[in-house]
Structures are given as structure tokens and as C-alpha cells.
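Please read the following walk through a two-part description slowly, with the structure open beside the text.

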Amino acid sequence: MRCTEKNYINRLKKGNEDALEFIVDKYLGLVKATVYKVLSPLERDGIIEECINDVFLSVWNNSNKFNGEELEFKKWIYKIAKFKAIDYYRKEIKNLDVSLEDKEISTNKLVEEEIISAEDRNELIQLISTLEPLDRDIFTMKFFLGAKSDDIAKRFELSRAAIDNRIYRGKKKLSKEATRLKLEVV
Amino acid sequence: MKDIYELLNDVDIDEGEIETMEVSDIEKAKVKKYLKKSIKKNKGWKKKGLVAAALCFVVIGSVGVVGITNPAYASEIPIVGDIFRFLDNGRTGMYDKYKENANEINVTKESNGVAITIKDAIFDGKTVSYTYEIKTDKDLGEQPMCGEWYFNIKGYKGGMSGGSVIKKVNTNTYIGKDDYTIDNEKDEVICKLNISKITPIEENVSNIEIEGNWDFDFSLKAIPGNKQIINKGTEKDGVKANIESITKTSMSFIINYSQVVPNELKKKWFGMSLEIEVKDDLGNIYKGQGNGGHGNDNDNTMYWSKTFGKLDEKATKLIVTPKMYLSNTGGGVSMDENGKETEIKHTVDADHPEKGKIKFDDVVIDLEK
């Protein structure tokens, strides 16, 4: 059986390599545009390519976690690309001697930045998944996809103040949890 | 308990924000090739850490590049004709005129099953760049490093800064480019390159180390350049940024510039690097590559240089925007004459913030014809 527009998502989930090739043909332009937008200001050779490869590998390794139809799949790949690119960007900024920094990151070191900079990002993901569904979505958009509060507000048809308020409360909760986790480790 | 891929799946976004861009078949093929290899090698693939470059003097590091966006030179793969351009990946356009100006060297040395060929070399008066090809009988991973790789310029005793790129282009075939920048300018350089060890850096192949003896000598005359003394600066928050000079050659232009920082700032910040952005009066924005800088710790002055692509001949003015990046993170290694390394480190506290930036006013330079 050949891989086609109709069956590639299923074939990917079953672990057929031809589906991955199909996805590269179909979505490389999307992934490249997304990654390029975030990482090109770093002017660092190789990082864009590395990130793009990483995005497709993650799609491959996590295909069983995808749930939905073609349009959702396109969005999923886009979100993974954006998340990875931001992740690479943050790491790179930290590694650089001559820092090309992002204003937001440097001027207000938010609690979640600190958690992210704590080596283990998985911990933050764990913490976020303990929030209630709406907050979980807001946090994912804000901190993994780099969305602005205004855009999130529009998306959920809430006011900006309501989003900020939820973020504020969520952060407080996370910060408490994070401290507790740390204490447990010690 | 959800993981990030599930969280991302849950969040809905607007399809309208998704953008796409053109990609060539070669780019697609490269990604596929990489994926196939990674899947086979390791089912539970883990992202390899970013490669940390060891700092000698100042290493402006850059790693390999793939993805060919410009079909005009796609035909040059896998036999890479213009390595300068190939490794630049058409991104900065800085090396577009290098190949035609370079000296063809094409000297191959073989030792212990490894053939190294120095392909082209070029000297712009300040920076020596050469390209090379390595053919081996073993797989050295994606980015082999040069374990013992000594580059000398006869009669030159100062520090050198540089960068290096290496890229796998085919099975057991690698191409690379090294740049070495010296402090002052010279008309001619006699270069010696002694390679005695090649070390892969990826974990799965790191046990392979190839020792051998690959020695090269070549001399290069500087590409005739036209140097214009500028000595024009700007000052902000007590920091002086000065554009010292511009050298134009047939393939590039080099801006030499310097920074002078006041003592109180030196106490506050560990890293203070001046960067420049350059455009001309015709609206061209030039991308360049920093050559690193040199200075003395007892002195508050640092001298930098940055190389850009070919200058548009119709331009009459250059607009240089200096920016100073301040930081208290990172570190490095300083090395004395005997090769003894001392680690340089710094801490972040209330008086020493992590990062800062000073943006200066533009310096406008009238170009001599």
C-alpha cells in the first residue's frame, strides 16, 4: 500500500517510514518557515537545520500522542516546530557569551523562566499538566508557543486582564509546587 | 499526566498564523537522509547536546550547515566546487565572491587511511581562510573535530581568533573551512598547518581517533585592498565605540572597530562585547562574520573586526549601528604561553545582573571612491 494524502497519518502512527517521508515533502516548508522566523536572528549556522531535523524526529517519535484529523495534524506540526524553535532559542541565548538577547527574557525573569532554566524542562511540563484544562492551554500557548496575552485572549474570547490574571494565579501555584518539588529532591 | 506533545495537541491555534516557505528537493532529501539514519541508529533517539566549543583566544564558533536554498549551486553537490559558498548556505552571501578570488591550492596529504586536501585559500590582509576536504576509510560521524590541528603564520607572534565549520557531504567525506584572524594587517603570510590527530565528537564514534601526519605549507598574498581610515565614533553611558577603518577588497570589506569602557562598568560586567550592524545608503543590509577581538586585561580597550560580503560599488555611505552586549554569564578559558589553561568564570548577583545592552547612535561613514 502506498502512502497517500488519505492514509499518511495512520501510516505514521503505525511506524511506516514512507509516511515520514511523505510528511517531510508536505510540511518541510511549513516547519522551515516557523523555525527560521524564530532562529534566524541568532545568525548561527547549523542551528536551524538541527532544529528542523529535531522537529521531524519528534513527530516520528511521538506520533502515537497525536489525536485528530489532517487539519489538526498540520497545526500540531506547526506547534511542535514553534515550541522546538523557542526551546533552541532559549538554550542558545544562555550558551552565548556574546548574548543576543531577547528583551522579554532578560528584563523580567519570570518564575517559569527560572523553572525552564532549571535543567529539567520536563518538570515544568509535569507541573503545567496539573493545572485545570483552560489554564493548561493558556500556559502552553504562552510559554511553549510564545503567544502574546492579547492573542490568547482573542482565542478564548476572554479579556486580556482575565488571561493575565489566570497566568498570575497559575504562576503562583506553579511556584509553590516547584518549591515543594525541590524540597522533596533535597 | 500529559507530556508536551499532548499539551500541544490540546491547544487550538488559528490556522491563519501558519506560514510556509519554498524548499528545494535537495533540502527535502537532506532531511530525509538524516531522519533515516537517526531512526535506524537509535529508536529512542535523544537530541544531542549543543556542541560546546573550547575557547582559545576568542572562538566565534559555527557548526556545520546543510539545506541548500539556492538552486544556482545545487548542481555543485556532491562534488562541491565552491566550498566557501556551500558552507555559507547562501545565507549571508558573504562568501559569494571568495572562490573566484581564492588561490587554488589542491594539495593532498595522505596518512593512516585518511586523505586531507587543502582546496582553496585566501587572505584578505587580516583573515586567512582555507577550505579542505577529508576522505577517510571510517565513518567519523556528522562533525569530526580536529584533535591536534596547529595553524601558524611564520613570524607572527600575536593572538589569533577564528572559526571553523565542517560538514559531512557524503559517506566518509567531509568538507570544511577555517578562518584565522590576526591582530594587525599584513601583505603576505606564510602559513603552516600541521595536523596530527582527528577526533570525532559524537558519542557513538568518539572512540575512533586517527593519528597521522598531514602537513601543509602555503603562502598567500593579501588580496589588494583599499584601506580607508575612519576614526569616527559615538559614546553612550561612558562607553566609547569607535570605527577605526574600513578595508575594501574585491570580495569583501572589513571593518575594524574598538571599544573603550569606563572602570565602573568593567567592575559591573564580565562580558562586554561590541557588535556592529551595517547598512548602506542604498538600503543594502550587510551580513557579516565577527572575527573576534583582542585587547589586554589591564587596558580597557578592545579591538574588534568583522568581515562582510562585497560592498555595493554604488554605495556612498555606510551606516554603522554599534551595540554593546553586556553579560555576567558564560566564561571561557585563557591560555598562557605554555598552554596552561585557566578557567574564567563569573557569578550573577544583585550588583551583577545577568544581561544588558547598550544601543549607540548610528555612525555614518562617507565612503571614498
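How many helices and how many strands are there in chain A? Chain A holds 10 helices and zero strands, where helices (H or I, at least four residues) and strands (E, at least two) are DSSP runs, numbered from the N terminus. This is a predicted model, in which local features need pLDDT of at least 70 and side-chain atom pairs count only at pLDDT 80 or more, while totals for chains, interfaces and linings use all residues. Residues are numbered from 1 along each chain as its sequence is written, and chains are lettered from A and ligands numbered from 1 in the order in which they are written.

Chain A has 186 residues, of which 37% count as buried; a residue is buried if 20 or more other C-beta atoms lie within 10 Å of its own, exposed if 12 or fewer, and partly exposed in between, with C-beta atoms placed from the backbone. Among the contacts in chain A with a separation of 6 or more, 55% come from residues 24 or more positions apart, a contact being two residues whose C-beta atoms, placed from the backbone, lie within 7 Å.

One pair of helices in chain A can be followed in detail. Helix α2 (residues 17–39) of chain A and helix α3 (residues 47–61) of chain A have axes that come within 9 Å and cross at roughly 135°; axes are lines fitted to C-alpha atoms, for helices over the stretch in contact, and angles run from 0 to 180 degrees between N-to-C directions. That angle makes α2(A) oblique to α3(A), because angles under 35 degrees count as roughly parallel, over 145 as roughly antiparallel, 65 to 115 as roughly perpendicular and the rest as oblique. Residues making the contact include Leu20(A), Ile23(A) and Val24(A) of α2(A), and Ile48(A), Cys51(A) and Ile52(A) of α3(A).

Further along chain A, helix α8 (residues 133–144) has 12 residues and reaches 16 Å from its first C-alpha to its last, close to the 16 Å expected at 1.5 Å a residue, the expected span being 1.5 Å times one less than the number of residues. Among the buried residues of α8(A) are Ile138(A), Phe139(A) and Phe144(A), and α8(A) is followed by Gly146(A), whose phi is positive, near 65°.

Chain B brings strands into view. Five of them form an open sheet in the order β1-β2-β3-β6-β5 (chain B), with antiparallel pairing; two strands pair if DSSP finds at least two bridges between them. The edge strands, each pairing on one side only, are β1 (103–111) and β5 (160–170) of chain B, and the twist averages 20° from one strand to the next.

Within this sheet, nine bridges join strand β3 (residues 127–135) of chain B to strand β6 (residues 173–182) of chain B, and Ile134(B) has Tyr174(B) in β6(B) as its bridge partner. β5(B) and β6(B) form a hairpin with two residues between them.

Most residues other than glycine have a negative phi. Asn172(B), in the hairpin turn, has a positive phi of about 55°, and Asn172(B) counts as partly exposed because it has 13 C-beta neighbours inside 10 Å. Asn106(B), which is not a glycine, also has a positive phi, of about 50°; Asn106(B) lies in strand β1 of chain B and, with 10 C-beta neighbours inside 10 Å, counts as exposed.
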